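Here is a short briefing to read alongside the model. Please keep the viewer open as you go through the points.

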Amino acid sequence: SLKTPHMGETITLRWKRFASMVAACRDFRHVCCVYVIADPSTRPMYIGCSESKGGLDGRYHGGTASAVDAALHGSGNLVFVAEVARGGCDPIEKALIWSEQPPCNRRFKNRNHSSLSADSLLHEGNVPAFKARRRTP
């Protein structure tokens with residue numbers, strides 16, 4: 001079961017990989033999550049979260065996911081998504097943006113706005129190529 005992260009504890013993120021935002025939205029329709037849009041080598045280009053919208057479908061509703069897919073078409077870029085407990089998306093998103101410095105994020109790059117450190121995140125599954133990455137053995 002997922003729980004809201006607190007400073008000093010380890011949070012496990014189980015990542016799933018998708019070739020399109022529409023497919024990711026289908027699987028994470030009403031699920032709080034963090035997501036990464038990555039280049040073909042899986043390096044994060046953009047990091048976001050869906051908590052305030054109640055899931056990816058709320059975040060990318062009304063055809064917006066299709067517009068993202070149109071922009072991704074032919075690029076080889078990928079979408080990675082990990083479920084997060086309600087209340088945990090924002091600090092995890094900010095910690096990842098701070099540690100990864102993805103080129104397409106504009107906010108949260110000048111200082112760490114999170115109560116969490118990227119070192120507290122443990123990654124499992126189909127994981128993007130994070131610079132600071134802890135994986136299960």
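Buried means under 20% relative accessible area, exposed means over 50%, and partly exposed lies in between, with a 1.4 Å probe and protein chains only. By that definition, both Phe-18 and Phe-28 are buried. This is a predicted model, in which local features need pLDDT of at least 70 and side-chain atom pairs count only at pLDDT 80 or more, while totals for chains, interfaces and linings use all residues. Residues are numbered from 1 along each chain as its sequence is written, and side-chain values use heavy atoms, leaving out hydrogens and water.

**Overall layout**

- The protein has four helices and six strands; these are DSSP runs numbered from the N terminus, with helices being H or I of at least four residues and strands E of at least two.
- Starting at the N terminus, the order of elements is β-α-β-β-α-α-β-α-β-β.
- Of the 137 residues in the protein, 48% are buried.
- The accessible surface comes to about 7000 Å², with 48% of it belonging to carbon and sulfur atoms; such areas come from the Shrake-Rupley method with a 1.4 Å probe, and for residues only the protein chains shown count as cover.
- Contact means heavy atoms within 4.5 Å. Among contacts between residues at least 6 apart in sequence, 69% join residues at least 24 apart.

**Nonpolar cores**

- A nonpolar core is a set of buried Ala, Val, Leu, Ile, Met, Phe, Trp, Tyr and Cys residues joined through side-chain atoms within 4.5 Å.
- The largest one has 22 residues, and those with the most contacts inside it are Leu-13, Trp-15, Val-34, Val-36, Ile-92 and Leu-96.
- Two or more residues of this core come from each of strand S1 (11-18), strand S2 (33-38), strand S3 (44-49), strand S4 (78-83) and helix H4 (89-100). H4 gives the most, with five residues.
- A second, separate core of 16 residues includes Ala-23, Ala-24, Cys-33 and Leu-72.
- Leaving aside neighbours within four places in sequence, Val-34 is in contact with residues including Trp-15, Phe-80, Val-81 and Ile-92.

**Aromatic pairs**

- There are three aromatic pairs in the structure. Rings of Phe, Tyr and Trp (its six-membered ring) pair if their centres lie within 6.5 Å; planes under 30 degrees apart count as stacked, over 60 as edge-to-face and the rest as tilted.
- Phe-18 and Phe-28 form an edge-to-face pair, because their ring centres are 6.1 Å apart and their planes are at 85 degrees.
- Phe-18 lies in strand S1 and Phe-28 in the loop between helix H1 (21-27) and S2, so this pair ties together parts that are ten residues apart in sequence.
- Tyr-35 and Tyr-46 have ring centres 6.2 Å apart and planes at 35 degrees, so their pair is tilted.
- Tyr-35 is buried, with a relative accessible area of 0%, whereas Tyr-46 is partly exposed at 24%.

**Helix H3**

- In helix H3 (residues 64-72), the buried residues are Ala-65, Val-68, Asp-69 and Leu-72.
- Viewed down the axis of H3, these fall within an arc of 100 degrees, so they line one face of the helix; the arc is that of the directions from the helix axis to the C-beta atoms.
- The buried residues of H3 pack against H1, S2 and S4, while the face turned away from the buried side carries the exposed residues Ala-70 and Ala-71.
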